Amino acid sequence: MVKPIKNNEQYELYLELAYNLMQLDLEENSKESDELEVLSIMIEQYEKIHYPIDTPGPIEAIKFRMDQLNMKKSELEKVLGYRSRISDIFSGRRKLSLGMIRRIHEKLDVPAEILIKEY
C-alpha cells in the first residue's frame, strides 16, 4: 500500500519503486500502471516542496532559447535592433522594454511571465 511521503527515506524508496515499474511493459489501467501513476504524483508533490526549481531570469531564458534555436547574437538584432542594445541588455546596463518583451515572446517563444521578472 502506498502512503504519503513523509521523509527523504520514503522518497528514495518511492523513486526506486517507480523506476522499477517503468522498466516493465505495463498494460494501461493495470494495477501496476495505476501504482506508477500514484507514485509519480506523490514524488512530484514531494519534489515541489523539498526541491523547488526556480525559473530562469529573463536574460538566461533568452540565451537558452537562442542556444536551442542555434541563433547568433547578430540574428537577435532583427528582433531587438542595434548590436549595442543587445550587448547592453546582456550585460545588465539596459533593461528590457515592454516592446522588446513582446517581440522576444513572439519571435523566440520565450514565456512572457519569465521576461517580465525582475533582474
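Tutor: Helix axes here are lines fitted to C-alpha atoms over the stretch in contact, and angles run from 0 to 180 degrees between N-to-C directions. We are looking at a predicted model, where local features need pLDDT of at least 70, side-chain atom pairs count only at pLDDT 80 or more, and totals for chains, interfaces and linings use all residues. Residues are numbered from 1 along each chain as its sequence is written, and side-chain values use heavy atoms, leaving out hydrogens and water.

Student: At roughly what angle do the axes of H1 and H2 cross?

Tutor: Helices are DSSP runs (H or I, at least four residues) numbered from the N terminus, and H1 covers residues 8-22. The axes of H1 and H2 come within 9 Å, and they cross at roughly 140 degrees.

Student: And how many residues of the contact of H1 with H2 are charged?

Tutor: Contact means heavy atoms within 4.5 Å; among the residues making this one are Tyr 11 and Leu 15 of H1, with Leu 39 and Tyr 46 of H2. Ala, Val, Leu, Ile, Met, Phe, Trp, Tyr, Cys and Pro count as nonpolar, Asp, Glu, Lys and Arg as charged, and the others, Gly among them, as polar. The contact divides into 12 nonpolar residues, one polar and, for charged, three.

Student: Where do the buried residues of H5 lie around its axis?

Tutor: Buried means under 20% relative accessible area, exposed over 50%, and partly exposed in between (1.4 Å probe, protein chains only). In H5, residues 83-91, the buried ones are Ile 86, Ile 89 and Phe 90. Seen down the axis, they fall within an arc of 95 degrees (directions from the axis to the C-beta atoms), so they line one face of the helix.

Student: What is the N to O distance between Arg 93 and Asp 88?

Tutor: Arg 93 is exposed at 61%, whereas Asp 88 is partly exposed at 24%. Their side chains meet in a salt bridge at 2.8 Å.

Methods
Salt bridge = Lys/Arg side-chain N within 4 Å of Asp/Glu carboxyl O. Helix = DSSP H or I, 4+ residues; strand = E, 2+ residues; numbered from the N terminus.
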